[in-house]
Amino acid sequence: MNLLEYERFYDKVGRLNGWDFSKVKSISEGVKWGFYTEVTKRCKNTDVLLDIGTGGGENILKIAGSLQFLVGIDLSNGMMETALSNLRKSNLLNVRFCQMSSDDLQFPTGFFDVISCCHAPFYSIEVAKVLRSGGLFLTQQVSEADKLNVKEAFGRGQSFGEIDGALKEKYIRELIEVGFSDVKSFDYDAMDYYQRPEDLIFLLKHTPIIPNFGQEKKDFEILNDFIKNNQTEKGIRTNSKRFLIIAKK
């Protein structure tokens with residue numbers, strides 16, 4: 001997918017589903033952290049938080065009680081429609097959502113105490129601009145070797161063929177270059193077991209793991225073979241590889 005295709009994809013998914021995968025039945029082994037748990041562990045109830053790539057806002061609505069004020073941004077029209085709908089249903093008064101690109105953050109300099117970003121692109125120079133001195137930036141991203149057996153089966157996929165760890169090193173380097181003084185990183189490679197074929201299909205249709213999944217008949221033939229080859233007593237086996245960066249300004 002090129003950039004325009006990704007934008008259209010997320011816009012469509014945003015309207016249909018937001019970033020809600022609660023209906024997917026799966027078991028994971030080896031997950032070392034929950035991202036928004038790590039965020040709230042480092043927040044005070046007086047902090048103001050920015051969430052970059054907030055999707056349908058599901059995650060920051062869940063942690064709103066831990067902070068004074070939260071702002072979620074996303075570039076997608078569809079995601080923003082879902083986020084605003086979710087906010088209305090929540091009746092929370094300390095959360096705002098704005099449609100905005102992460103490459104041009106329209107907030108006052110040093111406005112936020114904490115900035116979070118989960119599975120979305122960010123620009124270190126923009127993060128540094130709106131984060132206060134001594135503030136924290138936390139990001140979780142998908143590693144290149146995520147869902148590796150799925151990508152190998154299809155012969156294509158998100159970051160397929162790229163060097164594993166390259167994105168992490170790029171982000172660390174850029175954060176140091178813009179003045180973050182303490183940058184730490186963590187990794188995990190967990191095993192995932194999807195309970196039913198429809199759970200795996202939902203994942204593939206609502207994420208860019210396999211670009212344009214399902215548009216060709218052979219995709220379902222490949223998927224059927226993949227399920228046969230990776231079916232275990234625990235479910236259909238694949239992996240989730242993630243990295244976490246925590247940086248102090």
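Helices (H or I, at least four residues) and strands (E, at least two) are taken as DSSP runs and numbered from the N terminus. This is a predicted model, in which local features need pLDDT of at least 70 and side-chain atom pairs count only at pLDDT 80 or more, while totals for chains, interfaces and linings use all residues. Residues are numbered from 1 along each chain as its sequence is written, and side-chain values use heavy atoms, with hydrogens and water left out.

**Figure 1. Overall fold of the chain.** The secondary structure comprises nine helices and eight strands. The C-alpha trace spans about 50 × 40 × 35 Å along its principal axes. The radius of gyration, taken over C-alpha atoms, is compared with a globule rule of 2.2 Å times the number of residues to the power 0.38; the chain has 18 Å, in agreement with the value near 18 Å for a compact globule of 249 residues. Of the 249 residues, 48% count as buried (buried means under 20% relative accessible area, exposed over 50%, partly exposed in between; 1.4 Å probe, protein chains only). With contact defined as heavy atoms within 4.5 Å, residues 24 or more positions apart account for 70% of the contacts with a separation of 6 or more.

**Figure 2. Salt bridge between Glu29 and Lys234.** A salt bridge is a side-chain nitrogen of Lys or Arg within 4 Å of a carboxyl oxygen of Asp or Glu. The side chains of Glu29 and Lys234 meet in such a bridge at 2.8 Å, N to O. The pair links distant parts of the chain, 205 residues apart: Glu29 belongs to strand β1 (residues 26-29), and Lys234 to the loop between α9 (217-230) and β8 (236-248). Glu29 is partly exposed at 34% relative accessible area, and Lys234 is partly exposed at 39%.

Figure 3. Glu126 and Lys129 form a side-chain salt bridge (2.8 Å, N to O). The two residues are separated by about one helical turn, because they stand three residues apart in helix α5. Glu126 counts as buried at 11% relative accessibility, whereas Lys129 is partly exposed at 28%.

**Figure 4. Salt bridge between Lys168 and Asp187.** The side chains of Lys168 and Asp187 meet at 3.0 Å, N to O. Lys168 lies in helix α7 (residues 166-177) and Asp187 in strand β7 (residues 182-194), so the bridge ties together parts that are 19 residues apart in sequence. Lys168 is buried, with 13% relative accessibility, while Asp187 is partly exposed, with 31%.

**Figure 5. Network of salt bridges.** Asp146, Lys147, Asp192 and Arg242 are linked in a network of salt bridges. A search of the whole structure finds 16 salt bridges.

**Figure 6. Aromatic cluster.** Rings of Phe, Tyr and Trp (its six-membered ring) pair if their centres lie within 6.5 Å; planes under 30 degrees apart count as stacked, over 60 as edge-to-face and the rest as tilted. Ring pairs link Phe122, Phe137, Tyr171 and Phe180 into a cluster. The structure holds nine aromatic pairs.

**Figure 7. Positive phi at two loop residues.** Asn91, although not a glycine, has a positive phi of about 65 degrees. Asn91 is found in the loop between α4 (77-90) and β4 (95-99) and is exposed, with a relative accessible area of 61%. His119, likewise not a glycine, has a positive phi of about 60 degrees. His119 lies in the loop between β5 (112-118) and α5 and counts as partly exposed at 25% relative accessibility.
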